[in-house]
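User: Hi! I'm new to reading protein models. Could you walk me through charged pairs and backbone angles?

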Amino acid sequence: MSETAFVIVQDRPYGAGVVAGRPLAEGEVVADLSECVIAEAPSVYTIDVGGDRHIDGPQVRYLNHSCTPNVYVDTERMDVRALRPIAAGEELAFFYPSTEWDMVAPFDCLCGAAECLGTVAGARAAAPEVLRAYRLNRHVAERIAAAEAVRSA
Ligand SMILES: [Zn+2]
């Protein structure tokens, strides 16, 4: 993993973001989350890693959401990986409901993708059939399964 894979920028329309500092290969680790800290409470900056724990750090704070993500935040391996080859300068973004069951600050996504969620409010608020198209972390998949079990009981 090179330092330049993950470059924090401040010039996004919505504030800060992260871009690829060089071309990235599919599957490449672009950030290590092991240095993140456990946050006292979830916020717009934190990522849910399951077990009622939310992490914070520069590796997660500036990663924006996309409904067509190019990176995956893996809360078991505690890293961020490229989902496909990524060009230098391309913004790195992950699918927030892949880690977040609930979000403290839902927002309207402007990504423009055909499959755009519209309002991004965590996996809890998204339709299970929409979520099935995405790779989700186990703690989120378990909550979806539990919610579906309650619904069909
Ligand atoms: Zn979207």
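User: How many salt bridges does the structure hold?

Analyst: Let's begin with the general idea. Side chains of opposite charge can pair when their charged atoms come close. This is a predicted model, and the structure holds 10 salt bridges.

User: Which residue forms a salt bridge with R61?

Analyst: That is D56: the side chains of D56 and R61 meet with N and O 2.8 Å apart.

User: Are D56 and R61 buried, partly exposed or exposed?

Analyst: Here you compare a percentage with a cut-off. Buried means under 20% relative accessible area, so D56, at 15%, counts as buried. R61 has 31% relative accessibility and counts as partly exposed.

User: What is the partner of R81 in a salt bridge?

Analyst: R81 pairs with D79, and the closest N and O atoms are 2.8 Å apart. D79 has a relative accessibility of 7%, so this residue counts as buried.

User: Where do the two residues of the pair R124 and D102 lie?

Analyst: Start with the contact itself: the side chains of R124 and D102 form a salt bridge, at 2.8 Å from N to O. R124 lies in the loop between β12 (119-120) and α2 (128-131), while D102 lies in the loop between β10 (93-94) and β11 (107-108), so the pair ties together parts that are 22 residues apart in sequence.

User: How do R124 and D102 count in terms of accessibility?

Analyst: R124 counts as exposed because its relative accessibility is 52%, and exposed means over 50%. D102, at 40%, counts as partly exposed.

User: Which residues are linked in a network of salt bridges?

Analyst: Look for D11, R12 and E91, which salt bridges link in a network.

User: Now for the backbone. Which residue other than glycine has a positive phi near 60°?

Analyst: D52 does: its phi is near 60°, and the residue is not a glycine. You can find D52 in the loop between β5 (47-50) and β6 (53-56). With 72% relative accessibility, D52 counts as exposed.

User: What is the phi of M78, and where is this residue?

Analyst: M78 has a positive phi of about 55°, although it is not a glycine. M78 sits in the loop between β8 (71-74) and β9 (79-82). Its relative accessible area is 22%, so M78 is partly exposed.

Terms used: Residues are numbered from 1 along each chain as its sequence is written. This is a predicted model: local features need pLDDT of at least 70, side-chain atom pairs count only at pLDDT 80 or more; totals for chains, interfaces and linings use all residues. Side-chain values use heavy atoms; hydrogens and water are left out. A salt bridge is a side-chain nitrogen of Lys or Arg within 4 Å of a carboxyl oxygen of Asp or Glu. Buried means under 20% relative accessible area, exposed over 50%, partly exposed in between (1.4 Å probe, protein chains only). Helices (H or I, at least four residues) and strands (E, at least two) are DSSP runs, numbered from the N terminus.
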